[in-house]
Structure formats: structure tokens, C-alpha cells
Amino acid sequence: MDCPVCGHPLPPGARFCPNCGAVVATPLGTEERKMITVLFADLVDSTGLAQRLDPERAREVLGRFFDAATEELQALRGRPEKFIGDAVMAVFGIPTVHEDDALRAVRAGLAIRGRLRRVGTALGLAEPLEVRVGIESGVAATGLGPAGQLLVTGPVVNAAARLQTAAGPGEVLAGETTHTLTEAEVAFGDLRSIRAKGFTLDLAAHPVEGLTTRSARRTIPLVGRSSELTILRECVLRATTTGKPVLVTIAGEAGIGKSRLADELIAGLDEGVTTMVARSRSHAETATFAPLAALVGDLAMIDDADPAEKIMQRLREFAAPFVGSDEIDRLIDRLGLLFGISERRDESTFVHDVQAGFLALVDGVASAQPVVIVVEDVHTLSGSMLDLVERLGSRPRGGERRSLTLALARSELLDERPSWGSNAINAVLLRMDPLTVDEAIDLARQAGGGRITEAEAIEIAKRTGGNPFFIVETTGMLLPESDGSPRRMRGALPPTVQAVVSARLDALPTRLRTLARRASVFRYSFELDELADIDPDATADELRRLEESEIVVREEGGGTPRWRMRHATLRDVAYGNLPKRERVRLHETIADRLIATGHHTFAAEHLELGARASLDLNPRDRRLADRAVDQLIRSGDRARRRMVSRAAADLYERALALAGPEESWAVREARALGGLGEARYWLGEYIAATEVLERAVALGEANDDPFTLALALRFLGDIAINVDADLEKAEALLDRSAAAAEELGDPWAITRTLLFAGWVPWTRDRYDDAEAIWLRALEMADPDDRWARIRALTALSINRDSMGDLDEALRLIEDAVSLADDSGDLFSVAVVTVQRARVIEDLGRMDEALDAIEPGVAIFEELGARWELADALAERGVLRREVGRLDEAEEDLRSAIRISEELGERQLAGWTWTALARVAERRGDVAEAQERFRRAEEARARGPR
């Protein structure tokens, strides 16, 4: 191809002739049409400025203008496109359109105007710097220009430029479409018409006077968090490109900006990214997984009032595109547990089934497109929900998981769970610190929309401690109304957020203020009919007015509308303003409704809050306190049976705290102590468990309660074996537990005591005695009690292995494997997997055993079962040693010893040190082997006997 001007041959792909410079190709094409908003800002009297100032000084001023404009535009997701002389052109809506682009453009225009005035003052100029700003919205064609840059074309660009030209110094003019899109959030002056070159009709020009309070809060730029936002975006990219999940914990005090940071990330995501948000609601089959029920319900568009058939249909319609036909039924059954519509064969598998169902759903969605999961208020979640959040960041068992999980929490989460996130493949912790003084002043200016003084912005920054929420709330109280009239509170800067929020509530009409305070008793969210239970006069129109006043927000998602208080701080202040007698009435009314609908754990929370208020009014009136204790214990029992141990412990402790003086405790409190002790045992908190269980035994004996005695003595017996290493003590305790269970006449209790008791003779190498005990446990176990049957078969297999009867040991564990697979209990699957690998090892099939044990190690690691993980790691270390993988064997065995020492248990250390000594022997390191054998002897001397 030759140049059409000079005829010179052109190289392939040339846009310009290398000989004469003529344009030879104009690759302008429209990639898409989209609704955008265009802003033009022009520095007023730049020519006069250049005449009054030295050229270098004038250039510096112009540079400061461009820098200031760029920063303000980018803070509000605007994209500077051109710098033309002394003007800047920017576009909102590229590359991604947001519904509030027009509003953000108006805010940017006001921000540029205010910023430039401050620049002029800082530079010491004799006259203030001013800009003219024009803004218009409309459909434009977008595509790449000749140099590869992104261009927008269309009448909207010309209209914005003409509006800027017509604006006076310091004026922001909005076109008709921008006015239509923002009139509910922006205060405008009188309409005027302007004649514009290139337009047949006059252009409508609406002078912008300011922002309303509501829009000022919703569109304030993210101040002081650019580095955190960059980290989050990099984490999304990492999860997307590597297929490895990322867990990001954003920790900080209330109001520090955790949710805002997450919102800003989500707003900038590509359309191909699925977003899931988990927040608690009061209506779910399980309090533990209420945030999960809300998340799945929103995704599947499930209404709280939907019948079971419709819920199943909705779940299937949502999940079907992401899950294979052979897995869909099982997935739907597991997700149905969240809504109480799936049949449960075994309570002990509930937690596993819910967790496995959600993980399968996430993995299915993530296989099609990246997923961002936001979990709010993580510090308030129970143990099993916390475990699930952590598992979202761990290595999936079936391949990739392109997901980013944002855990938003207060800092106490890290105090209560110091190892939080340690099992994640990629774990990031972002601690949100307060804003600096300069950042706080900037945020106050932004929140004020140009309508507070510099002195007021500085005073706000001083009094709010750098907390963004407090800054915005305090600023909002000083803003005039949209019609320009001053607020009643203007000039009275509240010294604390308590005063700010109280003043905000007091400014409401009396009826709305009463309704807001009553709504504050709902911890999560509420429907109109639920609110009507405690306030029969409540209407949807009143809730709409509370929304407009930014007291409540309506939750997104289909189905019956739900509302919640806009912020926890606001809720707490409103609740604090309620008379305690009114709190008692409201909480008990809500609890009665929740009990009637089967939501017992949420009812317990309301009864507890009501009881505390009641006891403050009259400590001798224990009617409501006793109701609360009963309901908390009932909820704790349910959580304990489901192996939700941390939640169970919390519920029992709260019940006991309300139970009155300890000298008045009886059977009810004894059983709560027993349940608390069991929960602490399963958490590996053996010292705390022992103290509580001993108190339970004393109270059980004083009240002649065999249930408490059978439970508490059983776990004390196991602690005596594994921690105290005292078999005589263990035998005595387990004998007493068995006697109490026999007196109780409950096969369930008898079976579990027998399962524990068999380990005493087994540890003494009295295998026949151990077998007799475990056979009796197997015979007594109910056919539907899979947990007990799996444990009995596994114990019998271990016993036969110890006796050298490997064929019978293999048969028994194969039976246990079948039961475990059928139960769906992941923990049971891991238990039988590890024992099966041991039997195969003893049969001499080392490679097969090594392959067989891997799933067990992975499951225990995934579940955070530390004792079982240590045992499995030690066994895998032995197998790796036998196949010559000595470095890996050493690593496994040392990890097992470390966990054993951290737990303070005495069963594993002796044989694990011996196995580690054998590794040194294989290496030919005699001295090291001798030292390890010595450590093994010491550990065995401390072991059970």
C-alpha cells in the first residue's frame, strides 16, 4: 500500500506516512454506546493570570490546577480524558457505568471549585482562583482513537463544553439530563437558557447550589484509603488469575470505613464478577448460619414466606447452571437445611452439610466466573460460621476456587481467634486505622459539600478521632436544608457521636422518633409485620420516611421487603434512649413470635436482653430471667449436638450469667455446666473444660442428677487419659459415668460412655477387655446413631490391628468407611480414612497406604481438628519414612510433635518421637537418633499408665 499523498510505500499497519507524515488510516470505530456524564472545567482568566505572573509562576499555578482537578475527579471515579489549554475534560461511566455517575460528576465539580480556591490561598495570590464547570449526561459512542486512546463522541460532549463556556466564575452548570438524574439529591438555582453554537435549540442550564445531606453522605469520595483499595483490587486479580482463593480480613472499630471500602471495591468490579454479601437476618432455620441463609436467599430470590416447594425450586433454578446433574440433588438438600426444609437424618452432620453445600455452590459459581464474597460483622458470628469463612480461603479439595472473601470485623475477632486465617492459602489482614488530621479535615470538607466553613471542618476533625462515620454524621448535623434554611442544630457541634446521633433522632417528628427507637430492638433486620407486632400503628409510608431521613435502610433482594437500622452505632443510641420497661415489653413480644415460628436461638437473644433490663428495674423479679435462661440452655444444647462448640459455649455461659447466685443453682444449671464443659473439651480447651466439668459433677451430685453425672464424668475420664495420663483416675471416672448412664436408662448416654471407657483397657494392652466394651457399645447403638456406630467400628478395628488380626481390622474399618460415606459427616470420613491407611500399612502396602491417608490429613487440616491432625500427620510421617521420603517424613513428624505440645496432650508424643528417631537412623545420624530416642522415653514416661 502506498501513501495517497506522496506515493511512498507504507509499512504494514502504518497510521502515518513515514515520508510526508500524512494520516493514512483513521481507525475510529464504535465499540459500544453507553450512558455517560461529561464534565468540563476551565480556569477563569488564565490569560490575565499569565500577564500578571512570571511565566514560571503561571505555569506552576496551571499545573496545580490540573493536579487538583485530576485528584478530585479520580476520587469520585471520574476519568480525566483531555487537558486542553487551561481546561480539563472528564468522563464518568467509562469503563463501567454506575447509576450515580451524574451525581458524582456534580460533586466533582463542586470539589474542584472548592479545592482551587484553597490552592489560590495557599499560593498567596492576590485574587482568588475560580473555575467554570459544565456538566451534561447522555448517550455517547465510545471507541479507540488513532493513538489507541479511548474516545467518547456525541452531542453530550459538545453540550457539556457549551455549558462550561456559559458558566460564570465559580459557577457549576448542569444540563437537562444531568438535572433529571440528580434533582432528588442536588439543590439547583433558577433555570436559564443559553444559546449554544452547533445546537438548534437553546440549552437548559441549571446552576448547582449544593448537595442535599443524603447525597453528600452517599457519594463522598473514599478519603485516605487508596492503598487499601489497591490491595483489594490486586487480591481480586490474584484470585482470578491463579485460581487460588484469597481471604482478606478488614479489621477496625465501628464506623472506620470497612463496609465503605468493600462497597468501593464492588462498585469497580467488572460485570463478569459475581458478588455475594452475607449479613445476619432474624429468620433462618439456624442462628449460626443466618448470614448464609440471607446470602443464598438473596441469590435465589427466596421470600421468607415462600413454601418449601417454592424454596426448593428457586434453589434448583439458581444452582443448576453451576453444578453437574449428578450433584444437584445433594446440593439442594444441603442448602435446604438453611431454610429448615430438608430432612436431617443425623443432627451431628448438620454443620458439615451446610458448610459443604455452600462451598460446593461457591466452587460451582467460581468455575464459571470470579466470585467476591463479603461477610459483614464477622466478629459477631458463631464458631461454625467463622470456620466456614476461613474455609473459603483454604485450598479446595476439587481444584481451583477463583474467589475473594472479604471478612469485615472489629479488632476483637483477632483477640478471640489469634490463629484466624492461618489455614488460608492467601491470607491478608488490613487493619483500618483512623484517618490522619489532614485526611479528616478533607473528609469533613467533602461531606459538607462546600457548605461548612474551614474552621468547622477543623473542629470536626479534632472531635471525631479520625473515624469516617463520626466525621460524616457530625458534618451532616451542620448542613443546611436543601432549601437553604439553616438546621436547628447548626452551630451546636456535638462533642461525641452519642450526642450527634441523639440530636439526629431528636430532630425527627415525634411519631417517627418513637418508631425508630422501637425498631432498634431488632438486632438484624425486620419486616413490616414484625415491626407491627411491637407497634401496631407502623406503616410502610413511615418506614419510607425513615429511609429518607437515613435512619433505616431497605435491604436489597427480592421477596418481602426488609429493613434494618442504617448503622450499629445509630441502633445502639436509639436503643439506649428506650425506657427499660419498654425494652422488656418489646423484647418479650418479639421472643414470643420467634418461639411460635421455631426460631429459638433468636428468641433467646431477645429474652436475654429483656431479662437484663427487667433485672435492672427489679432484681427480685426473675420471671423473664428464668425464661431467658431456659431458652439459652435449649439453644446451647442444640448447638452442642450439632458440634457447633464455640456457639454452644457462648450460649451456656450467657445462660449461667443470668441464672442468679450460684448457691441457688440446681439441675438446670448443672446440665448447663456439663454442656459447657463438653463444648470446651471439643475446642481443645482442656483446663477450662476440667474446671467447668468438675463444677458440674459437684452440682449434679448435690441434686442427684444422673444426666449431668454421665455427661461430665465421661469427658473428665477422657481428659484423664489423654491430658493427665492417669489411667486409674480415668477408669474410676468412667465407671461412675457408666453407673449414672445406667441409672438414667438412656442407650445414647450408655453408648457414648462405653466408647470412651474402652480406651482405658486398650491403653493397658488389655485388648480382650477393650473389645468387649466396644462390642457392647456397637450392640447398644441405635441403627440411626451413625456417629456412635462409626466410632465403635473404628475402635474395634484399632483394637484388632493392635492384636495382629489385620484381616478383621480391615473388614471392620471397611464397614466404618461405608457408614461414614453414607452419613456425609466429613469428620467421620477423616477418622475412618486414617485408620484404614494404618491397617493397609500394617499389611505392608506402603504406597497404597500413603495415597489412602492423604484425604484424612486434608480434611482434618481443613476442619481445624488439631489433635486428629497431629495423629494423622504422625502416621503420614511414618509412611513417608518407609518409602524413603525422609525430608517430608521429618516435616510431618515435627509438626505432629509441635501440635501435641501445644495441646498439652500425652498420647502421641512418645511414639511420634520414636518415629522421628527412626528417620535419623535412616539418615545415618546416630547421635541425633539417640537424642530422639531419649526424648521418646521421656514422653512415654509422661504418657498414660
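Arg511, Arg518, Asp535, Glu542, Glu582 and Arg585 are joined by salt bridges into a network, a salt bridge being a side-chain nitrogen of Lys or Arg within 4 Å of a carboxyl oxygen of Asp or Glu. The model is predicted, and local features need pLDDT of at least 70 and side-chain atom pairs count only at pLDDT 80 or more, whereas totals for chains, interfaces and linings use all residues. Residues are numbered from 1 along each chain as its sequence is written, and side-chain values use heavy atoms, with hydrogens and water left out.

Across the whole structure, 86 salt bridges are found. Side chains of opposite charge can pair when their charged atoms come close. Arg544 is partly exposed because its relative accessibility is 37%, and Glu548 falls in the partly exposed class with a relative accessible area of 45%. In this classification, buried means under 20% relative accessible area, exposed over 50%, and partly exposed in between (1.4 Å probe, protein chains only).

A second salt bridge connects Asp626 with Arg622, their closest N and O atoms being 3.4 Å apart. Asp626, with a relative accessible area of 29%, is partly exposed, and Arg622 is likewise partly exposed, at 23% relative accessibility. In a further bridge, the closest N and O atoms of Glu731 and Arg764 are 2.9 Å apart. This pair links distant parts of the chain, 33 residues apart: Glu731 is in helix 30 (residues 727-744), and Arg764 is in the loop between helix 32 (759-763) and helix 33 (767-780). Glu731 has a relative accessible area of 29% and is therefore partly exposed; Arg764, at 25% relative accessibility, is also partly exposed.

The loop between helix 32 and helix 33 also holds Asp765. The phi angle of Asp765 is near 65 degrees, a positive value in a residue other than glycine, and the residue counts as exposed because its relative accessibility is 52%. Asp704 also has a positive phi, near 50 degrees, and is a residue other than glycine. Asp704 is located in the loop between helix 28 (686-702) and helix 29, and its relative accessible area of 57% places it in the exposed class. Most residues other than glycine have a negative phi.

Strand 12 (residues 371-375) is largely enclosed by the rest of the structure, because five of its five residues are buried. In a regular strand the side chains alternate between the two faces of the sheet. Both faces of strand 12 are covered, with Val371, Ile373 and Val375 buried on one side and Val372 and Val374 buried on the other. Strand 12 pairs in the parallel sense with strand 11 (residues 274-278) over five bridges, where pairing requires that DSSP find at least two bridges between two strands. Within this pairing, Ile373 of strand 12 stands opposite Met276. Strand 12 is also joined by five bridges to strand 13 (residues 403-409), and the two run parallel. Here Val371 has Ser403 of strand 13 as its bridge partner.

Nonpolar cores were defined as sets of buried Ala, Val, Leu, Ile, Met, Phe, Trp, Tyr and Cys residues joined through side-chain atoms within 4.5 Å. The largest contains 197 residues, of which Phe289, Phe358, Val378, Leu531, Leu546 and Ile551 touch the most other members. Helix 29 (residues 706-722) contributes the largest share of this core, 10 residues. Another core, lying apart from it, has 33 residues, among them Leu43, Leu73, Leu76 and Leu116.

Ser137 lies in strand 4 (residues 131-144) and is buried, with a relative accessible area of 4%. Its side chain makes a polar contact of 2.8 Å with the side chain of Thr37; a polar contact is a pair of N or O atoms within 3.5 Å, where within protein one must be able to donate a hydrogen and the other to accept it, and residues adjacent in sequence count only if both atoms are side-chain atoms. A polar contact of 2.8 Å also joins the side chains of Ser137 and Thr178. Excluding residues up to four places away in sequence, Ser137 touches residues including Met35, Ala102, Val156 and Leu181, contact meaning heavy atoms within 4.5 Å.

Key. Helices (H or I, at least four residues) and strands (E, at least two) are DSSP runs, numbered from the N terminus.
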